[in-house]
Amino acid sequence: MAIRSFFVPFLLFALCFYSSLTPVLSLYEDQVGLMDWHQQYIGKVKQAVFSTQKTGRRRVIVSTEENVIASLDLRHGEIFWRHLLGSDDVIDGIDIGLGKYVITLSSGGSVLRSWNIPDGQMVWESFLQGPKHSKSLLLVPTNLKIEKDNVIVVFSNGRLHAVSCIDGEVLWNKDFEAESFEAQQVIQPPGSDLIYVIGFAASSQFEMYQINARNGELLKHERATFSSGFLREVSLVSSETVVALDSTGSILLTISFQNGEISFQQTPISNLVEDPSGPAAILPSSVPGIFAIKTNAFTIFIRVIGEGKLEVVEKTNHETTVSNALPISEGQQAFALVQHAGSEIHLAVKISHDWDGNLLKESIKMDQQRGLVHKVFINNYIRTDKSHGFRVLIVMEDHSLLLLQQGAIVWSREDGLASIIDVTASGLPVERDGVSVAKVEHNLFEWLKGHMLKLKGTLMLASPQDVAAIQSMRLKSSEKSKMTRDHNGFRKLLVVLTRAGKLFALHTGDGRIVWSHFLQSLHKSGTCQSPIGLNLYQWQVPHHHAMDENPSVLVISRCGPCSDAPAVLSFVDTYTGKELNSLSLVHGVVQVIPLPYTDSTEQRLHLLIDSDKHAHLYPTTSEALRIFKREFSNIYWYSVEDHNGIIKGHALKCKCTGEVADEFCFDTRDLWSVVFPSESEKIIATVTRKLNEVVHTQAKVVADQDVMYKYISRNLLFVATVAPKGSGEIGSVTPEESWLVAYLIDTVTGRILHRVTHHGAQGPVHAVFSENWVVYHYFNLRAHRYEMSVIEIYDQSRADNKDVWKLVLGKHNLTSPISLFSRPEVITKSQSYFFTHSVKAIAVTSTAKGITSKQLLIGTIGDQVLALDKRFLDPRRSVNPTQAEKEEGIIPLTDSLPIIPQSYVTHALRVEGLRGIVTVPAKLESTTLVFAHGVDLFFTQLAPSKTYDSLTEDFSYALLLLTIVALVAAIFVTWRLSERKELQDKWR
Amino acid sequence: MDTIKVVAAIILTIYLFPFLSFGFQSDELLVDDEEFGLEGAPQPRFPEPTSTRSAPVTTATRKRHSDLDSDSKIEFSLDHAFGDSDFSPAGTFSARIKTWSHGGQTLTKLRFSRNNFTNEEQKKFKNLLESDDFYRIRLPSNVLSPPGRDFIISSVKARCLPREGLDEHFVIHMEGVNVLAVNYGSPGSCSYPRNLKLPVKWSFSSYTVLKNSEQAPRAPIFTEEILGGENGGGEVVQPPERSFWAKYWMYLIPLGLIIMNAITQAMNMPEEQATGQVAGTVQRGPSSAARRR
């Protein structure tokens, strides 16, 4: 036993040493997809156009709020191709030109692009300039031609452009210089050569421009004034009539501009409906002859019957969504109407001039977790019996996308996962007797066969078929996607909160959605018009004595964008996805502080700071209060006011002194403040250590047997400030007027422990803080390169504990409690290195005990994740390290950090629109789980020092067995032989 | 005291003279740490953190400009508060402002005079000590136009201050004429749990340090060296000679183990033989006896 206990650490050490020699983490080709998964999403669909040509595959082209243009397969919902435009290149409109190009207008109407539909290649791109900023409108008329060129009409930046569909050349343009003119619609009546631009000027003037589509010549300009003004939204009911609302939202105006003459017809809404209840708004639609308005309680559909007469056709209090009109035959236009009724949705397709007759009426059972229908897009096809069939694409409140056809959901996409706000991990239930364990191998024969295959693979005897068989066997090994906790802690649930307010639990094994829950508090409701999900916290992580409880997460949300809006807390069970409880708070939430204390049921105490600087304790139990009271004077926190450059420290004072007695509310006080001079510094990044980070040892043994003590404090804050001038884009300032200052601030006392200025440096700054070091990334204007710097901070007050005798006699101060009110004796070491890439996110690997060496995970501009060993960012690297330093593992100094192609964690994949990287420790010390999210999701396991504590998954047990059998056989054979020989010897 | 300083300045000037006449002269705004003890107070007993990296250049720059620069004297006050009480004046900092030819201004020669506690303040402070509450101080964030944008506040548990008298330590972080932050507390450690201890003397001994930002070391640039190395060509870097042990440890350890094993076996063998011999004699014993018989 003793031998073993000696041997195991030795082995670990040896393996550690071995792995440190080969820092490159890489993957063989056949290991792709074994431990990692990748999912592609597109985000919430803004606009969809169908491309259903007679030949070729049926597809739908969509533009989304994540700035993605994608072509989806109409049969299965898969992505054919996809392009992610930058975040500053917001898509304003898409359409199809000539049946084979997708035309997109983006960047506030200044970039027009054409993409080839079959393969998504860009055909041309043109830049449209204009005199002023304005609404941008895209119109692709079907049969408007100028000298055989099909024309795209774009109104953007106060200018009307006619662009050739073939090569993107601007054929003509026309300025609308009138200062206050705001275009609302660009209309091209079919079959004519005229273009109408209508809009409002000032607040009460309606303007109409009639333009010759062939050359952009202004034919007519009419204006009419309506004294009480307009709401800015209009609905087009025919090619020469629009409907608008007056500024009070109570009078409907039918504006017709036939033959260039503008005429108004006023109809008060109260004439149409008895109880209009509040101001109305026009729902954007373009169904001929019909428009919809929405009041607080009702959605009202109104038909226009010639000469501005209006007639209510339907008034409903269900949530209703209407699609745009779709021409189906000569003079007939169909549109789709979706209404909610309980757990079903009713889909009706109607012809525009016949409200009462339905072309199609279906009801479809809809998952309540998807919320309301937000958008409807309609498309038709010819059925086998030559009649018209319709399919609709609907976008739900949770941002999912569904295709409905023949009364059923053909496919659905969970595109809410493209906009993840927060991620937390949760364990899976422990395997119990009742829980059935899926058998991996069915019988011995298959088991043996599998291992024989693996053996063949190892000995390079496998044929291509065998290799394929091995691969598929590995992939389907159901072990990794089981719903129970595993010994190594690889199987977990990733609980993610999306921007739509939906919680998803993803299984780390294969990335499938285990459950999803649309939080009640994040549904749009009467009391809360624009709920926003904010954060996700682990509320209860049962272990030890509360094993029977299910773990739960806390979701914090808020009604509306401003910080004093009342907050809502929701508690969700992570095993089942059930909402356990929901608390609507009277106060807002500015800051949430998870405290390092838990009660007897392992519920974590949280302190919520509201906008009046009161602290509120949750959970509101007497036990929690008792625990809290005990630690009352040891609770400190800080707040960053980055708009005015002040960081403040706070502590608790006493019970709230309000009228209502609230035991769980506390007054706070300011303890310290750091005020950055507004003329020279602006806060652009603040980073702290992760709360749940584990540090294995405080001491760091350096070369020549010396010891340095890491300054490990949970209360360190890294702040980066830049010159206010230099906070713009890279290159907007000269190196002389730009600098970056990095601070390490103690958040209990407000002491600045370290402060360093980088002259000629500029943001954006991305930083990561772990143990006693911080790494930050910025741009060096002088060297014209990106740079990464590291600061390590060491504690000097413990430095004299090196004497062994002191340690033996107990005369050291290593176990004495540390007070941050002591004067800190720290030294810092820092170093800068050049780095080739710009960075989207930085994270660091975290393991269960913190023994394994660390790797930085860098989200590069190419949407990949690069693993970089922390040893490359060691401030003690020198040009010629001494022998002792080399043995310690110090790499000789280089000016730039190496980018080793094999160390891309995402190997050949891209996590489009990468926003965040989350690391979760597995139970196995060597391994960490990495989850990268953006528009795409990517998950993998990493072992920064290789898996020194376990055998790899493809370890060939059969080979081992075979060897043992062979050895045993050999022993027997040689024994027999020797015995025989001995016998012969004796007989001699 | 002043004469000593003057002499020191002269010596410094002489010492730095070579730096003035030649060498690189940066026109960058460089910042340095300056520490000046409190008048009448003993010199700080502990080594102050100083930036040594760019020190020669820094001082040279300062000296070069000193002829052109104008000095002016300013004062700003320190306020204090007991627990959550309002702030009241507690002392005055005085310093000289140095205006550089390029427009920058910095503070030098900081002095601090602390007002003694009045009886009432003493009582308040005692209360703080008893309740283990915070003693708070504040400074203006701009010394030219106090209070600037906001006050810089710092606090410390009152029980950290009393020693013989009341010891306090200020590190004022400056950026030009702006105060960024002040690290305030006891000059030494403040052990936890904090015990109630009343000071013997009710007078403050204060240490003040002015601190400006350090310059970050620049990233090393090796491109030229590498190019040079390539041009040099033939020179092959000899791998450093490793010791015998470093080269062959992987053979030596198993060898050692085998030898150890062999030795232990060899140790066991004679023992066994010895016991065998003993047994032999025992066996032989009777036979010899029989012979004798």
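This is a predicted model: local features need pLDDT of at least 70, side-chain atom pairs count only at pLDDT 80 or more; totals for chains, interfaces and linings use all residues.
As one example of the pairing, I looked up Phe206(A), whose bridge partner in S18(A) is Ala224(A).

I then turned to the interface of the two chains, where 53 residues of chain B are in contact with 50 residues of chain A. The area that chain B and chain A bury between them comes to about 4100 Å², with 49% of it on carbon and sulfur atoms. For polar links across this interface I noted 20 residue pairs in polar contact, both residues at pLDDT 80 or more. On the side of chain B that touches chain A, the elements giving two or more residues are strands S4 (134-140), S5 (151-157), S6 (166-175), S7 (178-185) and S9 (214-215) of chain B. The residues of that side divide into 24 nonpolar, 16 polar and 13 charged.

I also looked for salt bridges between chain B and chain A, and the count is 3. In the one I followed up, the side chains of Arg755(A) and Glu175(B) meet at 3.2 Å, N to O. Strand pairing crosses between the chains as well: strand S55 (residues 752-759) of chain A and S9(B) run parallel and are joined by 2 bridges, and the partner of Val756(A) in S9(B) is Glu214(B).

Next I looked up Ser156(A), which is found in strand S12 (residues 149-156) of chain A. Its relative accessible area is 0%, under the 20% cut-off, so I record Ser156(A) as buried. The side chain of Ser156(A) reaches the backbone oxygen of Gly109(A) at 2.7 Å. Beyond its neighbours within four places in sequence, Ser156(A) is in contact with Gly109(A), Leu128(A), Ser134(A), Lys135(A), Ser136(A) and His161(A).

My last entry concerns Glu29(A), which lies in the loop between helix H1 (2-21) and strand S1 (37-39) of chain A. With a relative accessible area of 74%, over the 50% cut-off, Glu29(A) is therefore exposed. I also checked Glu29(A) against His907(A): the two are 878 residues apart in sequence, and 9.4 Å apart in space, C-alpha to C-alpha.

Definitions and conventions. Residues are numbered from 1 along each chain as its sequence is written. Chains are lettered from A and ligands numbered from 1 in the order in which they are written. Side-chain values use heavy atoms; hydrogens and water are left out. Contact means heavy atoms within 4.5 Å. Buried area is the accessible area (1.4 Å probe) that two parts lose on being put together, summed over both. A salt bridge is a side-chain nitrogen of Lys or Arg within 4 Å of a carboxyl oxygen of Asp or Glu. A polar contact is a pair of N or O atoms within 3.5 Å; within protein, one must be able to donate a hydrogen and the other to accept it, and residues adjacent in sequence count only if both atoms are side-chain atoms. Helices (H or I, at least four residues) and strands (E, at least two) are DSSP runs, numbered from the N terminus. Ala, Val, Leu, Ile, Met, Phe, Trp, Tyr, Cys and Pro count as nonpolar, Asp, Glu, Lys and Arg as charged, and the others, Gly among them, as polar. Two strands pair if DSSP finds at least two bridges between them. Buried means under 20% relative accessible area, exposed over 50%, partly exposed in between (1.4 Å probe, protein chains only).
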